[in-house]
Amino acid sequence: GSEKVLPSRRHVVRVAVCGVVGVLISVYMTYEHYADDESMCDVSEIVSCSIVNKSAFAEMFNVPLGALGAAYNVVLLYGAYLAGYQRAKSGKAGGEGRLADLVNILFVWCLLGMGFVLYLLSVEVYLGAICPFCTVIHILIGVSSYSAWRIRSEVPGASRVVSLGPLWRQWGVVATACLVMIVPLISFNGGVWRTGGGSLEGSSIVLTEDEFEYYRLCFGGEMTGMKLRILGTNSDTATLRQKEVMGGLWDAVIFSTCDTKCQDDSGLREIPSWILQSTDGEEVARHAGPLSLDGLYGFARCLE
């Protein structure tokens, strides 16, 4: 009977719940990627969202991983909705075949999410830090993947080797998913978002003569009594990008070449790294990774 082809409702709901929670956390992580203050999950130097979320690895194609994660979870929600909706219509002609296709697409999407999890885990291992909210995302993707697998195993015709057939037959669903993922790519690369935090792309801002002088005085320590020093190398891509973003303001900061031995001796997690120091050279604060002008403005304590 038709009951045999219906996936359990609880598995579909579980995927949807994972999608909702994933969107909320991803939006928060996007905000924190640009925020100058510490994240609510910064517990220590090892357990910290900021170390991971503000690092140079927290972006793909100039888009914060949080924004890509939000788009991913929106698509996951969309897939759960389609699976649930088609579940109710599976008794109609052609309904069972479309349900099998949608379930397969949902399963493939969750597998892509597992790839995202592996990337984040590798970043955490490399940086030597644990990101609590990232861990929650890992769990959510794991739960949704398991649920999608269970849904797939309950629908006859779906539990076969994944092929391109469902993608071709349900091209409208695939096109919608691609469109959702393209939105953050266009938004963050097209200058819609003004950057801060660890982002560099699109953060070059046209300054007036007075604004330039204000930044120069702040970064050089003449305003606050604290100077900015950047540790990096002339061969490092991220350091060169940082220099390009700053333009003429680069001359206002102290650049110190820091090779591998220097990085080990200084305990640097990555380069470039910024150090805020007093006029006598005493370190006041440190930031691992690049900063935009907005981020440097907050880090240099220009407002204080």
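Predicted model: local features only at pLDDT ≥ 70, side-chain atom pairs only at ≥ 80, totals over all residues.
Residues are numbered from 1 along each chain as its sequence is written, and side-chain values use heavy atoms, with hydrogens and water left out.

Student: How are the rings of Tyr72 and Trp109 arranged?
Tutor: Rings of Phe, Tyr and Trp (its six-membered ring) pair if their centres lie within 6.5 Å; planes under 30 degrees apart are stacked, over 60 edge-to-face, and the rest tilted. Here the centres are 5.2 Å apart and the planes of Tyr72 and Trp109 meet at 15°, so the pair is stacked.

Student: Is Tyr72 buried or exposed?
Tutor: Buried means under 20% relative accessible area, exposed over 50%, and partly exposed in between (1.4 Å probe, protein chains only). Tyr72 has a relative accessible area of 10%, so Tyr72 is buried.

Student: Which term describes the accessibility of Phe255?
Tutor: Look at the percentage and apply the cut-offs above. Phe255 has 26% relative accessibility, so Phe255 counts as partly exposed.

Student: Which strands stand at the edges of the open sheet of four strands?
Tutor: Strands are DSSP runs of E, at least two residues, numbered from the N terminus, and two strands pair if DSSP finds at least two bridges between them. The order is β4-β3-β5-β6, with mixed pairing. Each edge strand has a single partner strand, so one side is left without a neighbour in the sheet: these are β4 (254–257) and β6 (283–288).
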